[in-house]
Amino acid sequence: MHSPQAGLGHGYHFIATDEGWLYLAAVKDLFTGKIVGWSMNERMKADLIGKALFMAVQTHKPAPGLIAHSDQGSQYASAEYRRLLNQFGMKQSMSRKGNCWDNAPMESWIASLKKEQVHLQHFKTRAQARPNIFDYIEVFYDKVWRHSNINNMSPADFDRK
């Protein structure tokens, strides 16, 4: 995470399975476009997004002052999440109600995930969906997909440079 001005985008999505929902929380480095933290669980609780944020901090060690963008979901407004941001020296940025522009890059990523992966398949179980979502994030999106806003490089290649 290279630019405090770029910050992080936070978002979550639910994936349908025959067993019920599988919730995915993800954190995107808005400078490189890379998904730097993610977490999956069968329940949507504040710790789901906390685990994704912790993964991002643990693996990328951002400098204090990083801006964390999100929507106004109750998970992002929770005291637990705000404590985590404070612990990591991050500043919270939430769009006004009905205005998702601050977190548009994360919303765009979630739309891509749905269009390119989730809606193309039928998952019988959460266990079947998990490795599929893992592959989309860790193999395809971060290492293969070329982004025009980072010189047609993958986020992983751009991050290395």
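**Entry 1. Overall figures**

I began with the surface: the protein exposes about 8,400 Å², of which carbon and sulfur atoms supply 52%. I took accessible areas from the Shrake-Rupley method with a 1.4 Å probe, and for residues only the protein chains shown count as cover. I note that this is a predicted model, in which local features need pLDDT of at least 70 and side-chain atom pairs count only at pLDDT 80 or more, while totals for chains, interfaces and linings use all residues. I number residues from 1 along each chain as its sequence is written, and side-chain values use heavy atoms, with hydrogens and water left out.

I looked up the secondary structure and found six helices and five strands. I take helices (H or I, at least four residues) and strands (E, at least two) as DSSP runs, numbered from the N terminus. From the N terminus on, I read the order of the elements as β-β-β-α-β-α-α-β-α-α-α.

I then looked up burial and found that buried residues make up 48% of the 161 residues. I call a residue buried under 20% relative accessible area, exposed over 50%, and partly exposed in between (1.4 Å probe, protein chains only). For contacts (heavy atoms within 4.5 Å), I recorded that residues 24 or more positions apart account for 58% of those with a separation of 6 or more.

**Entry 2**

I turned to β1, which spans residues 8-17. Seven of its 10 residues are buried, so β1 is largely enclosed by the rest of the structure. I looked for its pairings, where two strands pair if DSSP finds at least two bridges between them. Strand β2 (residues 20-29) runs antiparallel to β1 and is joined to it by 10 bridges; the hairpin between β1 and β2 passes through two residues. Across this pairing I found Y12 opposite A25 in β2. On β4 I found two bridges to β1, with the strands running parallel, and G9 stands opposite H69 in β4.

**Entry 3. Threonine 17**

I asked which residues T17 is in contact with, leaving aside its neighbours within four places in sequence. I found F123, K124, T125, R126 and A129. T17 and F123 are 106 residues apart in sequence, yet I read 4.9 Å from C-alpha to C-alpha. T17 has a relative accessible area of 11%, and I therefore list it as buried.

I also checked its polar contacts (a pair of N or O atoms within 3.5 Å; within protein, one must be able to donate a hydrogen and the other to accept it, and residues adjacent in sequence count only if both atoms are side-chain atoms). The side chain of T17 reaches the backbone nitrogen of E19 at 3.1 Å, and a polar atom of that side chain lies 2.5 Å from the backbone oxygen of G20.

**Entry 4. Helix α3**

I examined α3 (residues 79-87) and found Y81, L84 and L85 buried. Seen down the helix axis, these buried residues fall within an arc of 100° and so line one face of α3; the arc is that of the directions from the helix axis to the C-beta atoms. I found that they pack against β1, α1 (46-60), β4 (67-70), α2 (74-77) and β5 (91-94). On the face turned away from the buried side I found the exposed residues R83, N86 and Q87. After α3 comes G89, for which I noted a positive phi near 75°.

I also looked at Q75 in helix α2, which I list as buried because its relative accessibility is 11%. Not counting residues up to four places away in sequence, I found that Q75 touches Y12, M44, K45, A46, I49 and Y81.

**Entry 5. Aromatic pairs**

I paired rings of Phe, Tyr and Trp (its six-membered ring) if their centres lie within 6.5 Å; planes under 30 degrees apart count as stacked, over 60 as edge-to-face and the rest as tilted. The count came to eight aromatic pairs. F14 and W21 have ring centres 4.6 Å apart and planes at 75°, so I class the pair as edge-to-face. I found F14 partly exposed at 38% relative accessibility, and W21 partly exposed at 40%.

The pair of F54 and F88 is tilted, at 6.3 Å centre to centre with 45° between the planes. This pair links distant parts of the chain, as F54 lies in helix α1 and F88 in the loop between α3 and β5, 34 residues apart. F54 is partly exposed with a relative accessible area of 43%, whereas F88 is buried with 15%. Finally, I found Y12, Y76 and Y81 linked into a cluster by ring pairs.
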